[in-house]
Amino acid sequence: MSKKTELFLKELMLKIAGKGSEKIVEVLFNKKNVNEFKIAEKLKMTINQVRNILYKMSLAGIVSAIKKKDKKRGWYIFFWTLDNLKALELLKKIKQKEIEELEKKERSYGTKNYYYCEEDNIEMSEETALHHNFLCPECGKLLQPLKRKNKEIESRKRKLMRELSSIKEEIENLKKKIKREKERKEIKEKKKKIKKEKGKSKKKGKKEKKKKEKKKRKKKR
Ligand SMILES: [Zn+2]
């Protein structure tokens with residue numbers, strides 16, 4: 001899987017389990033059923049710290065676990081698998097929400113009017129601008145409405161949109177990969193089945209041949 005996906009998953013971890021938790025991606029990425037004690041060992045964390053992170057991931061629905069009984073100690077050990085696709089889809093949702101929030105802010109700032117002079121780069125509130133009859137106190141030019149806050153928001157939004165489309169691309173790639181793997185598996189299973197059936201029919205053929213031969217022999221007698 002791509003490096004990009006790994007980076008996105010780390011970003012997601014920061015969002016759902018806080019700083020330090022993103023390292024867990026390096027241990028779980030593209031692996032299956034990772035022993036939780038191994039995770040703790042690799043991250044140099046206590047088992048409780050690791051379980052705390054995994055619990056949050058589990059609540060977010062991006063990991064699955066199987067448990068096995070440790071025969072020596074008699075307790076259960078959990079083995080964890082990170083679901084790349086679900087994680088990317090969650091990050092996609094979070095980003096979409098963030099964009100929505102920015103759009104809300106944008107609308108609210110849009111109603112607050114600021115004014116500025118193109119020449120002097122002077123900014124003022126609507127009240128002050130009104131006080132100056134909407135003319136620049138420095139050069140006398142007509143003041144222009146400024147949606148400065150919106151500009152900041154706009155650039156943040158653009159960044160989020162770029163990230164979002166990149167996440168969508170990764171999701172598509174991952175889906176294609178999963179589909180290809182599934183198809184490959186199906187073909188493999190079909191081949192196995194055909195082989196099995198061929199084996200059966202061969203045996204059957206032999207049996208029938210033997211029967212016929214017996215009959216022939218009987219007739220001869
Ligand atoms: Zn001016």
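Helix α7 spans residues 148-220, and E172 is one of its residues. The model is predicted. E172 has 11 other C-beta atoms within 10 Å, so this residue is exposed, given that a residue with 12 or fewer counts as exposed. Along the chain, E172 and L85 are 87 residues apart, yet their C-alpha atoms are separated by 9.4 Å.

The next element is a sheet. Strands of a sheet pair through backbone hydrogen bonds, and the pairing can be parallel or antiparallel. Here three strands make an open sheet with antiparallel pairing, in the order β1-β3-β2. Strands β1 (34-35) and β2 (63-69) are at the edges, each pairing on one side only. Strand β3 covers residues 76-82 and runs antiparallel to β2, to which seven bridges join it. Within this pair of strands, I66 stands opposite F79 of β3.

Two loop residues have a backbone angle worth checking. N33 is in the loop between α2 (23-28) and β1. The phi angle of N33 is near 45°, which is a positive value in a residue other than glycine. N33 counts as exposed because it has 12 C-beta neighbours inside 10 Å, and the cut-off for exposed is 12 or fewer.

F134 also has a positive phi, near 60°, and is likewise a residue other than glycine. The loop that holds F134 lies between α6 (126-131) and β6 (144-146). Is F134 exposed or partly exposed? F134 has 15 C-beta neighbours inside 10 Å, so it counts as partly exposed; a buried residue would need 20 or more.

Note on methods: Residues numbered from 1 in each chain as written. Predicted model: local features only at pLDDT ≥ 70, side-chain atom pairs only at ≥ 80, totals over all residues. Pairing = 2+ DSSP bridges. Helix = DSSP H or I, 4+ residues; strand = E, 2+ residues; numbered from the N terminus.
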